[in-house]
Amino acid sequence: MERWRLAPSNLDFEKDERFARVCEALKAGQLVAVPTETVYGLAADATNGLACAGIYEAKGRPQFNPLISHVESVEAARLHGVFNEDAEKLAAAFWPGPLTLVLPRRETSNVSTLATAGLDSIAIRVPNAPIMQALARATGCPLAAPSANLSGRISGTTADDVINDLEAHLAFIIDAGATTVGVESTIISLIGEQPTLLRPGGIAREDVEKVLGKKLVRAGTDDSAPAAPGMLTSHYAPRGYVRLNASEVHEGEALINFGSAQLAGQDKAAAVINLSTEGSLTEAASRLFIALREADKATTVGIAVVPVPEEGLGEAINDRLSRAAAPRT
Ligand code: TXA
Ligand code: MG
């Protein structure tokens, strides 16, 4: 595996000889870890079934869980998905950015059925990450990229996280430091009658509803019929338990705090990590997976987490926390 350190301010990367080699690796069906604005992605050519199989294998991911195809523009997205009026509005408002649209799959799309897990829908996103866009454009391939972590574990927001989980499977990792948004994209399905929120994420539900001029339906979180097939209840699991809405710290626990309150037992915590001392939900989202990983490193007992307000990006934060806390199967 080759690590390419790329300063986020360096937008001249296409002139670097490594850019051409990364493109070649992708076209040859190899896996490359690429930073996006949300989390690191484990990217491969979405049109290459064997390469997509490599993603599932590397992550230890159940085969039924389809992948997001990342493209460089709305025009490129139209080759793969059928846009209705709502899709047009959302793409215009939020792309490039942390929003994924689930659309009817266009029959002529060359995305591998392994990437879409055989569904007649497709998840597409134009990421706001210049390197990811440039790779899709230069290779001419939509890039299938799940979060670059082992299946069921915490998403990687730094190159070191990704290397820990996936080094043996990577041809390259492009290391641009910590990602900025820090939680995955918001996923909206435009398949049924009503636009449906499949996964809260980097764009707040309220902002999506404002653009659509209507409310989003929230998909059920019932594991027997997960709405986004990969949204199994237990996910992002650290080694120890996760205890939500904590108002005190128990022996051996690490604490994930939010805001300035001091908790009983905090001085004895295995680690204290604050998502945002100022109570900013945006800052908290960007630090969430880093905090879970740090807390996981500090203790195998468990992690106590204080309540986080269920508004704006708080919805995505609480969704991830409740999955981390869910009973493991
Ligand atoms: O921010 C993100 O979205 C990151 C970065 C790398 O782009 N990617 C990401 O991918 O989080 P992943 O694979 O970890 O999560 C994708 C989710 C899964 O829960 C999957 O089930 C759902 O998208 N999904 C993919 N295709 C779908 C489809 N056709 N219908 C419904 N859900 C779909
Ligand atoms: Mg994931």
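Colleague: Which side chain makes a polar contact with the side chain of Glu-184 at 2.8 Å?
Modeller: In this predicted model, that partner is the side chain of Arg-320. The side chain of Glu-184 also makes a polar contact with the side chain of Ser-155, at 2.5 Å.

Colleague: Where is Glu-184 placed?
Modeller: Glu-184 lies in the loop between β8 (172-175) and β9 (186-189).

Colleague: Is Glu-184 buried or exposed?
Modeller: Glu-184 has a relative accessible area of 5%. The limit for a buried residue is under 20%, so Glu-184 is buried.

Colleague: Which residues does Glu-184 touch, leaving out those up to four places away in sequence?
Modeller: Glu-184 touches Thr-38, Val-39, Ser-155, Arg-199, Gly-201, Gly-202, Tyr-236, Phe-289 and Arg-320. Turning to C-alpha atoms, those of Glu-184 and Ala-285 are separated by 9.5 Å, although these two residues are 101 residues apart along the chain.

Colleague: Let us move to β9. Which way do its side chains point?
Modeller: Thr-186 and Ile-188 point one way from β9, while Ile-187 and Ser-189 point the other way. All four of these residues are buried. As a general rule, side chains in a regular strand alternate between the two faces of the sheet.

Colleague: In what sense do β5 and β9 pair, parallel or antiparallel?
Modeller: β5 and β9 pair in the parallel sense, over 4 bridges. Ile-187 in β9 is the bridge partner of Thr-100.

Colleague: And what about β9 and β10, parallel or antiparallel?
Modeller: β9 and strand β10 (residues 196-199) pair in the antiparallel sense, over 3 bridges. Ser-189 stands opposite Thr-196 in β10. The two strands, β9 and β10, form a hairpin with 6 residues between them.

Colleague: A change of topic: how many aromatic pairs are there in the whole structure?
Modeller: A search of the whole structure finds 3 aromatic pairs. One of them joins Phe-83 and Trp-95, whose ring centres are 6.2 Å apart and whose planes meet at 75°.

Colleague: Why is the pair of Phe-83 and Trp-95 called edge-to-face?
Modeller: Planes over 60 degrees apart count as edge-to-face, and the planes of Phe-83 and Trp-95 are at 75°, so this pair is edge-to-face. Phe-83 is in the loop between α3 (74-78) and α4 (85-94), and Trp-95 is in the loop between α4 and β5 (99-104). The two residues are 12 residues apart, and the pair links distant parts of the chain.

Colleague: Are Phe-83 and Trp-95 buried or exposed?
Modeller: Phe-83 is buried, with a relative accessible area of 14%. Trp-95 is buried as well, at 9% relative accessibility.

Colleague: What about Tyr-236 and Phe-289: how are their rings arranged?
Modeller: The rings of Tyr-236 and Phe-289 have their centres 5.2 Å apart and their planes at 25°, so the pair is stacked. Tyr-236 is in the loop between β11 (217-218) and β12 (241-243), and Phe-289 is in helix α8 (residues 281-298), 53 residues apart. Both residues are buried, and Glu-184 touches both Tyr-236 and Phe-289.

Colleague: Finally, what domains is the chain divided into?
Modeller: The chain is divided into domain 1 (2-218) and domain 2 (241-325). Taken over C-alpha atoms, the centres of domain 1 and domain 2 are separated by 27 Å.

Colleague: How many residues of each domain are in contact with the other?
Modeller: There are 25 residues of domain 1 in contact with 15 residues of domain 2.

Terms used: Residues numbered from 1 in each chain as written. Chains lettered and ligands numbered in written order. Predicted model: local features only at pLDDT ≥ 70, side-chain atom pairs only at ≥ 80, totals over all residues. Heavy atoms only, no water. Phe/Tyr/Trp six-rings, centres within 6.5 Å; stacked < 30°, edge-to-face > 60°. Buried < 20%, exposed > 50% of the residue type's maximum accessible area, 1.4 Å probe, protein only. Contact = heavy atoms within 4.5 Å. Polar contact = N/O pair within 3.5 Å; in protein donor to acceptor, adjacent residues only side chain to side chain. Pairing = 2+ DSSP bridges. Domains from an automatic or database assignment.
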